[in-house]
Amino acid sequence: SGGVVAPVVDCFSWEDPDWFESAFGTEDSFAVDALTVTSSSSQQVLSEGRDLDGAGEQATDAQTRLTDICSGTAGSRMASIAEYYAGKSVLITGATGFMGKVLVEKLLRSCPEVKALYLLVRPKAGQSMQQRVSDMMTCKLFDRVREDNPNFHKKIIPISSELTQPGLAISPEDVEKLSACINIVFHCAATIRFDEPLKHALQLNVIATQQLLSLAQQMHHLEAFIHISTAYANCNRKHIDEVIYPPPVEPKKLIESLEWMDDGIVRDITPRLIGDRPNTYTYTKALAEYVVQQEQDKLNIAIIRPSIVGASWQEPFPGWIDNFNGPSGVFIAAGKGILRTMRANNDAVADLIPVDVVINLTLAAGWYTAVHRPKPVSHSRPKTALVYNCTTGGINPFHWGEIEHHVMSSFKRNPLEQAFRRPNANITSNYLINQYWILVSHKFPALIYDLFLRLSGQKPQMMRIFNRLHKAISLLEYFSSQDWEWNSENLSMLMSQLTPEDRKTFNFDVRQLNWPEYIENYCIGTKKYVLNEDMSDIPAARQHLRKLRNIRYTFNTVLVVFIWRVFIARSQMARNIWYFVVSLCFKFLSYFRASSTLTN
């Protein structure tokens, strides 16, 4: 904690700037978890002369499954989702990440008879894999599981792994163990940094996926392989169907080409390689989808494409969030009074998707992929990977302008502790207006703050923080300034296959989502679970906001008097202009009062 004293007669107050370091990193990084889109038809892709390896037949494939189920060929009685996972061994990558934690918790709570969860974990920051998993299981997220089954940790088996190493650095003994027992694989691991160097993003998002697929082919009892992608993988298209599009480049050729290049050369050619995609994240996720598609003849595969993944909607409790990624960091910066302006389109759809919706869909897709996979009827029509666009924009849209209003309202009702300024962020799509407010509301206060820190013998930091904030916000502009359209036919089809009980337990119907309530819980979640602030301190936080408001009014009054004394009182022309403007205001008020009287 910085314990920094605020400048300008305590006009600004900021007790703990360390949260900002966590939010935006020391390398100007900023993360968003993904988004989604749809095209008018799979024939559009085929007309481009590209081979989709059977992706155009997915609609027919889904219909065949439905026919098989209705006719009884899929079994006399369909097992529920919880019944299917009973006795299964599940392999999860990225289990210590945001979505991975929620997936582990949901499996343990809603599928209590699951046999074992094998988690690929790497040592990190001086912690062993066992320590990382132990720390994960002690967090508040697992409170409900802990109440139902205090010994749930016995079902969790960590496996040492490193995605950047050959063979994922899994020992031969562990490979043999996984090959003998795993039934379902959930591949959640990925780098979600938008500004990740291409080589590193390729290693984590593409090569690691290839190696996991190779391991999956050695598993004797594997029934489903579920890959978590992103709806932004094809963000260079405005309409995106639930199909796998041709990759921007053959992944194998790109990997071979980059092997001999040093980092400087790769950095220089990256803009030309990614083309009309905004960053290396979306580019490598598109390549990863193609890599997964190549194994669809050998494995039962499904791909989940979530949009911007945010706090939980209902499970395990509303508003749970544990990181600054995506909108969370922006919300906190706005709530602290740091962020005052952001360039975005007020009318553009903000396609947030609650994390529990994504996880419920993922588990349902794993069940459906394993239980209702069709058998190939001929060599000319192989089985294909089903893609699920997990978005809200086409089903229950909410716009950036509405988010701004509800976030500001929420933080005024439930303020964050020791706010820097009163929450008052504005969204504009105009570049010049945005730059003006950056100068007036960001850079000028930062200069005053740093000047005060220098005079008090402390290290200046606010300008550095604001520069990092501007870098982070600029990475979001591409996604907050335009709209996409998403096809969700496969998602609707999957929902229709669930029993009423499963629809309730594994709910991913976003038509029921109440956006104002969700945003309120999201903002409270950032306060409780990310900043670890006590809700009982809200009265004191409100008092602090009133103090900042009074200081602001005092400062503005002093500023007006200063301008009057320095510029207007010393010039006859300035006084005449001032009196003229004041008289016009009085005349307008008199006219308005008279008009109101006549109307009454």
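Student: Which residues have the most contacts inside the largest nonpolar core?

Tutor: In this predicted model, they are Tyr85, Leu107, Leu119 and Phe186, in a core of 115 residues. The largest share of this core, eleven residues, is supplied by helix α15 (residues 355–371). Apart from it lies another core, of 43 residues, among them Leu163, Leu215, Ile244 and Val266.

Student: What is tyrosine 85 in contact with, leaving aside its neighbours within four places in sequence?

Tutor: Its partners include Leu107, Phe186, Leu363 and Trp367. The list also holds Glu113 and Lys115.

Student: How many aromatic pairs does the structure hold?

Tutor: The structure holds 19 aromatic pairs.

Student: Why is the pair of tyrosine 85 and phenylalanine 186 called tilted?

Tutor: The ring centres are 6.5 Å apart and the planes stand at 35 degrees.

Student: What makes the pair of phenylalanine 142 and phenylalanine 152 stacked?

Tutor: Their planes are at 5 degrees, with the ring centres 5.8 Å apart. An angle under 30 degrees counts as stacked, and therefore this pair receives that name. Phenylalanine 142 lies in the loop between α7 (129–137) and α8 (143–148), and phenylalanine 152 in the loop between α8 and β3 (156–160), so the pair ties together parts that are ten residues apart in sequence.

Student: How do you know that phenylalanine 142 is buried, and phenylalanine 152 as well?

Tutor: Buried means under 20% relative accessible area. Phenylalanine 142 has 0% and phenylalanine 152 has 3%, so each counts as buried.

Student: Why does alanine 169 count as partly exposed?

Tutor: Its relative accessibility is 37%. Alanine 169 is in the loop between β3 and α9 (172–181), and it has a positive phi of about 55 degrees although it is not a glycine. Most residues other than glycine have a negative phi.

Student: What makes glutamine 418 partly exposed?

Tutor: Glutamine 418 has 29% relative accessibility, which also falls between 20% and 50%, so the term applies. Its phi is near 50 degrees, a positive value in a residue other than glycine. Glutamine 418 is placed in the loop between α16 (400–413) and β12 (426–428).

Student: How do you know that the buried residues of helix α11 are on the same side?

Tutor: In α11 (residues 251–259), the buried residues are Pro251, Leu254, Ile255 and Leu258. They cover an arc of only 100 degrees around the axis, and therefore they lie on the same side of α11. An α-helix has 3.6 residues a turn, so residues three or four places apart point the same way. The buried residues of α11 pack against α10 (198–217), α12 (263–274) and α13 (280–293), whereas the face turned away from the buried side carries the exposed residues Lys252 and Lys253.

Student: Why is lysine 106 said to lie over the face of phenylalanine 506?

Tutor: Lysine 106 lies at 4.8 Å from the ring centre. The limit for the distance is 6 Å, along with a limit of 35 degrees from the ring normal, so lysine 106 is described as lying over the face.

Technical notes
Residues numbered from 1 in each chain as written. Predicted model: local features only at pLDDT ≥ 70, side-chain atom pairs only at ≥ 80, totals over all residues. Heavy atoms only, no water. Buried < 20%, exposed > 50% of the residue type's maximum accessible area, 1.4 Å probe, protein only. Helix = DSSP H or I, 4+ residues; strand = E, 2+ residues; numbered from the N terminus. Arc of directions from axis to C-beta. Contact = heavy atoms within 4.5 Å. Phe/Tyr/Trp six-rings, centres within 6.5 Å; stacked < 30°, edge-to-face > 60°. Core = buried A, V, L, I, M, F, W, Y, C linked by side-chain atoms within 4.5 Å.
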